[in-house]
Amino acid sequence: MTLDGSGSPRSLDPSRPRVQAGPMAETYHHEPPYTIGVICGSIAASSINRRLARALIKLAPPALQCSFIEIDQLDLYDRDRDDAYPPEAVELKRAITEADGILIVTPEYNRSIPGALKNAIDWASRPYGENALNRKPVGIIGTSPGGIGTAVGQQHLKTIMSFCNAPMMNEIEAYVQYKDGLVDDDDDVTVESTKEFLSTYMAAYDDFVRRVLTVLPKADGSTAAG
Ligand code: FNR
């Protein structure tokens, strides 16, 4: 898709300013910084997706204040508990509601998403009418050792997020093949071209969050700052 007629994808053009100067700046309802909840779809302690998530947090532009939202303590979703959510689910909904955006970093399990992630989304989306993901700008990314790099799982996740009415960043897509040592113990990406790509991804996500929050102020009308 080209927006500027130059033939190059807008968000891949490094020379383009990411924040509009002049009168356009006044149209932003949500000034930075933006709080971003990072959900890792894997609950494994040795998760390569958590490694990737930590690296992405380190590469994020200063406008994005990222912190993890954990999903490993949740019971299995049970609609009989809609009237009395367990504390872990209440906390999940609070964290998602208060975040300006959600970044999901997930493996692909059996050509879909892990059950733990689906379970968290189910809790977050209920009770009916109280969907915490509604209008929440979402970035989706993942890594796997295989060449497909979680592409099929991400497509399933996009279907789910679409139903949850969460605007998604469709460009840039990121399907990262994980090779041993790609992210070191200091959360640094060791392959320069991948590091550059992931930095570009986070810059594009920053841009996306700004744009979504500009046209879709938070449901309660509050600003990011307030
Ligand atoms: C996998 N794996 C996998 N990989 C893939 O590319 N496509 C797939 O459909 C699956 N399916 C799958 C199912 C199950 C149950 C497991 C445990 C694993 C392999 C997967 O990519 C690999 O284990 C990653 O290391 C998982 O990510 P984390 O947990 O390390 O972040």
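Me: Which residues surround the ligand, and what makes a residue count as near?
Reply: There are 14 residues around the ligand, the closest being Ser-42, Ser-47, Asn-49, Pro-107 and Ser-144. A residue is near when its C-beta atom, placed from the backbone, lies within 6 Å of the molecule. Bear in mind that this is a predicted model, where local features need pLDDT of at least 70, side-chain atom pairs count only at pLDDT 80 or more, and totals for chains, interfaces and linings use all residues. Numbering runs from 1 along each chain as its sequence is written.

Me: How does that shell split by class?
Reply: You get 6 nonpolar, 6 polar and 2 charged residues. Nonpolar here means Ala, Val, Leu, Ile, Met, Phe, Trp, Tyr, Cys and Pro; charged means Asp, Glu, Lys and Arg; the others, Gly among them, are polar.

Me: Where does Val-105 lie, and what is it in contact with?
Reply: Val-105 lies in strand S3 (helices are DSSP runs of H or I with at least four residues, strands runs of E with at least two, numbered from the N terminus). Leaving aside neighbours within four places in sequence, its contacts include Val-38, Asn-49, Leu-52 and Ile-141. Contact means C-beta atoms, placed from the backbone, within 7 Å.

Me: How do you know that the buried residues of H4 are on the same side?
Reply: The buried ones are Gly-153, Gln-154, Leu-157 and Met-161. They cover an arc of only 95 degrees around the axis, so they sit on the same side of H4. The arc is taken from the directions from the helix axis to the C-beta atoms. Thr-159, Ser-162 and Phe-163, on the other side, are exposed.

Me: What covers those buried residues?
Reply: The cover includes strand S3 (101-105) and strand S4 (138-144).

Me: What pattern does the protein follow along the sequence?
Reply: It reads β-α-β-α-β-α-β-α-β-α, with 5 helices and 5 strands.

Key:
Buried ≥ 20, exposed ≤ 12 C-beta atoms within 10 Å, placed from the backbone. Contact = placed C-beta atoms within 7 Å.
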